[in-house]
Amino acid sequence: MLKIVTFGDKLLTQKSELITDITKETINLINEMFDTMYYNNGIGLAAVQVGQLINLFVVDVPDHGKYVMINPKIADKSLEKQIYEEGCLSIPGIGNEVERPANILVEFTDEKGKNKKIEASGLLSTCIQHEYDHLEGILFVDRLNPEDKLKKISEYRKMHIV
Ligand code: ZN
């Protein structure tokens, strides 16, 4: 199992780098990321969350699909918004509603090196946007209004720092 980088670590605020080659190590990392995600009951995990600043995340949203997304790009997003309660394996114990575009068009490379394009809606759309944010160094608490963000961060600190 891979160790998950948690809130407060500077890595989580940094941008991930593009992946130029899909190597055996990349494939091993992907498999370990799925194992780590399932073990922690997550539906998405970005490479930076296991300490690798590379443009890769995995998602598996029940009934919506399982994807490996390398160098993803959100090519289009709807004006229509939706709200889901979000959590993050890097901010354990904390959750909040987040508003995001309801539908997105995402382009990415899969683990076999194939270029793909999918439309996502519902929870899959939110999950992909949450993971995509990780690649940009953005956490879901950064998407909240400043007051709620402070509240959630102090809640987290109280919970995890004695
Ligand atoms: Zn997250």
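Predicted model: local features only at pLDDT ≥ 70, side-chain atom pairs only at ≥ 80, totals over all residues.
Okay, a definition to begin: when I say buried, I mean under 20% relative accessible area. With that cut-off in hand, take Val59, which comes out at 0% and therefore counts as buried.

Val59 sits in strand 2. What is Val59 in contact with, once neighbours within four places in sequence are left aside? Quite a list: Phe34, Met37, Ile43, Gly44, Gly65, Lys66, Tyr67, Leu124, Cys127 and Glu131. If you want a distance to check on screen, Val59 and Ile104 are 45 residues apart in sequence, and their C-alpha atoms are 15 Å apart in space.

Now to the metal. Which residues coordinate the zinc ion? Cys88 does it through SG, while His130 and His134 each use NE2, and the distances run from 2.1 to 2.3 Å. Written as a pattern along the chain, the donors give C-x41-H-x3-H. That spacing brings together distant parts of the chain: Cys88 is in the loop between strand 4, residues 81-87, and strand 5, residues 95-101, whereas His134 is in helix 2, residues 122-135, and the two are 46 residues apart. Are Cys88 and His134 buried or exposed? Both are buried.

So, helix 2. How many of its residues are buried? It's 13 of the 14, so helix 2 is largely enclosed by the rest of the structure. After helix 2 comes Gly137, with a positive phi near 80°.

In general, for soluble globular proteins, nonpolar side chains tend to be buried together. Here, the largest nonpolar core has 28 residues, and the ones touching the most other members are Phe57, Ile91 and Ile128. Where does this core come from along the chain? At least two residues each are supplied by strand 2 (56-61), strand 3 (65-77), strand 6 (104-109), strand 7 (115-120) and helix 2. Helix 2 is the top contributor to this core, giving 5 residues. Take Ile91 as an example: not counting residues up to four places away in sequence, Ile91 touches Phe7, Leu139, Phe140, Val141 and Tyr156. There's also a second, separate core of 13 residues, and among its members are Ile30, Met33, Leu45 and Ala47.

The largest pocket has a volume of about 250 Å³. Which of its 16 lining residues lie nearest the centre? Those are Ile43, Glu86, Gly87, Cys88 and His130. Strand 4 and helix 2 each supply at least two residues of the lining, and helix 2 has the largest share, with 5 residues.

A few words on backbone angles. Most residues other than glycine have a negative phi. Two residues here go the other way. Asp63 is not a glycine, yet its phi is positive, about 70°. You'll find Asp63 in the loop between strand 2 and strand 3, and at 84% relative accessible area Asp63 is exposed. Asn71 isn't a glycine either, and its phi is positive as well, about 45°. Asn71 is in strand 3, and with 22% relative accessibility Asn71 counts as partly exposed.

Leu11 is in the segment before helix 1, residues 24-39. Leaving aside neighbours within four places, Leu11 is in contact with Val5, Val48, Gly51 and Leu53. From Leu11 to Asp148 is 137 residues in sequence and 23 Å in space, C-alpha to C-alpha. Then there's Gly113, in the loop between strand 6 and strand 7. Gly113 is partly exposed too, with a relative accessible area of 43%. Gly113 and Leu29 are 84 residues apart in sequence, with 15 Å between their C-alpha atoms.

That's my tour. Over to you.

Key: Residues numbered from 1 in each chain as written. Heavy atoms only, no water. Donors = N, O, S within 2.8 Å, 3.2 Å for Na, K, Ca; no water. Helix = DSSP H or I, 4+ residues; strand = E, 2+ residues; numbered from the N terminus. Buried < 20%, exposed > 50% of the residue type's maximum accessible area, 1.4 Å probe, protein only. Core = buried A, V, L, I, M, F, W, Y, C linked by side-chain atoms within 4.5 Å. Contact = heavy atoms within 4.5 Å. 1 Å grid on protein atoms, 1.4 Å probe; cavity = no way out; pocket = protein on both sides within 12 Å on 5 of 7 lines; lining within 4 Å. Points joined across faces, edges and corners; volume = space filled by probe spheres on them.
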